[in-house]
There are 2 protein chains.
Amino acid sequence: LAETRAERRLAAILAADVAGYSRLMGRDEEGTLSQLKAHRRELIDTKIAEHRGRIVKTTGDGILVEFPSAVDAVRCAVDVQRHMAERNSPVPQDRRIEFRIGINVGDVIVENGDIFGDGVNIAARLEGIAEPGGICLSRSAYEQVKGKIDDSFIDGGEQQLKNIARGFDGGGGSDGVAMVALTSPRSINPLEESGRSPDWIKVKNPDAPAATRVIE
Amino acid sequence: LAETRAERRLAAILAADVAGYSRLMGRDEEGTLSQLKAHRRELIDTKIAEHRGRIVKTTGDGILVEFPSAVDAVRCAVDVQRHMAERNSPVPQDRRIEFRIGINVGDVIVENGDIFGDGVNIAARLEGIAEPGGICLSRSAYEQVKGKIDDSFIDGGEQQLKNIARGFDGGGGSDGVAMVALTSPRSINPLEESGRSPDWIKVKNPDAPAATRVIE
């Protein structure tokens, strides 16, 4: 019986895309593509390999990466966003390529090198709500990295409830999830102890000026 | 820098030991050892291999197993406990070898085939609180399997708060964790929505008579 079952493995799934890609392409198609290729070649692909990630697939502006370790996935994301901020600093604001990154931990189904399951879908949803230059972690990803990475970049903010529908292989229905951004790793404890345990953590752009850090 | 870092990977960690091992050994050392070896050879090692587990180490009565998938780890544990109940049914109660099993998901450090980290420590703690013939899952393990396994064996019960100290590579301090047993997969939702999200789930012995299923 076990032989006919899908192959599964625990993985940290990183989904990233370019914020405002259509706008950038509408303005300067060739320039945007060549910039994007340079970022991939000179920074992103190197960082992914360095942190033992595997590129599962790419779309026009998107990339799906699988890491054996959540700690490595988050370190890679922080590394990429920090370097992207440096690379962007001389570029006018409206021409910057800024990535939004979502990271989740999931027991995914593996088939011919591709990965499937709600673990993948949730990573894509988190990417969608990350701010440009920022990272959004699910609770299951955050729980695997807390205390194991330098998370002084995790920024403070307010809490908000949202719904993430379960993926196609989930139990159906939707889960209540909470969005939380933190001033410090310590500030998560009161929330957890009060029972308002967050389901995902929004990590602010570490290089954004303080004035832009407020979460609406 | 990344080259000198510890190798990490996400894994489902299964820890099991024999309930009342000292008592059994005190009563019949050779008989207990030979029974245990037979269970290992005829059932446990086969099931572990079938579900793609890797035996990391064994102690006298204990075993530590790593699975790439949490779903596979839980399926293996349920499979083993169901077969153990069958094998035990003709044996007098006080001579039965009954396993307690704990399962956790963790981003563990891998070194020379051994695994380290609080992910491993927590699996051992969960094993310690599992009932004989039962399985105890951490929240992070349960969240990876819910909706993906036949969890009709998850039994109902009450909720209780305990502390599990963080392991040596954790952030220090302790996390509030809740023990929850469930009558059905659906009954977890009201708990989660009310914010009283459990940190671990106790799975009762699936073959225990109903009268013994109440959790005190």
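Which residues does M25(A) touch, not counting residues up to four places away in sequence? In this predicted model, the residues that M25(A) touches on those terms are T32(A) and L33(A).

## The setting of M25(A)

M25(A) belongs to helix α1 of chain A, which covers residues 21-27. Because its relative accessibility is 18%, and buried means under 20%, M25(A) counts as buried. With G62(A), which is 37 residues apart from M25(A) along the chain, the separation between C-alpha atoms is 14 Å.

## Salt bridges between positions 7 and 9

Over all chains, a search of the whole structure finds 32 salt bridges. In chain A, one of them joins the side chains of R9(A) and E7(A), with an N to O distance of 3.9 Å. R9(A) has a relative accessible area of 25% and is therefore partly exposed, and E7(A), at 38% relative accessibility, likewise counts as partly exposed.

In chain B, R9(B) forms a salt bridge with E7(B), and the closest N and O atoms of this pair are 3.9 Å apart. R9(B) counts as partly exposed at 24% relative accessibility, while E7(B) is partly exposed with a relative accessible area of 37%.

## The pair R27(B) and D94(B)

A salt bridge also brings together the side chains of R27(B) and D94(B), for which the N to O distance is 2.8 Å. Because R27(B) lies in helix α1 (residues 21-27) of chain B, whereas D94(B) lies in the loop between α3 (70-88) and β4 (99-111) of chain B, the pair ties together parts that are 67 residues apart in sequence.

Are the two partners buried, partly exposed or exposed? R27(B) counts as partly exposed, its relative accessibility being 44%, and D94(B) is also partly exposed, with a relative accessible area of 33%.

## A network of salt bridges

Which residues are linked with E7(A) and R9(A) in a network of salt bridges? The network includes R54(A) and E66(A) from chain A, together with R52(B) and D72(B) from chain B.

Technical notes: Residues numbered from 1 in each chain as written. Chains lettered and ligands numbered in written order. Predicted model: local features only at pLDDT ≥ 70, side-chain atom pairs only at ≥ 80, totals over all residues. Heavy atoms only, no water. Helix = DSSP H or I, 4+ residues; strand = E, 2+ residues; numbered from the N terminus. Buried < 20%, exposed > 50% of the residue type's maximum accessible area, 1.4 Å probe, protein only. Contact = heavy atoms within 4.5 Å. Salt bridge = Lys/Arg side-chain N within 4 Å of Asp/Glu carboxyl O.
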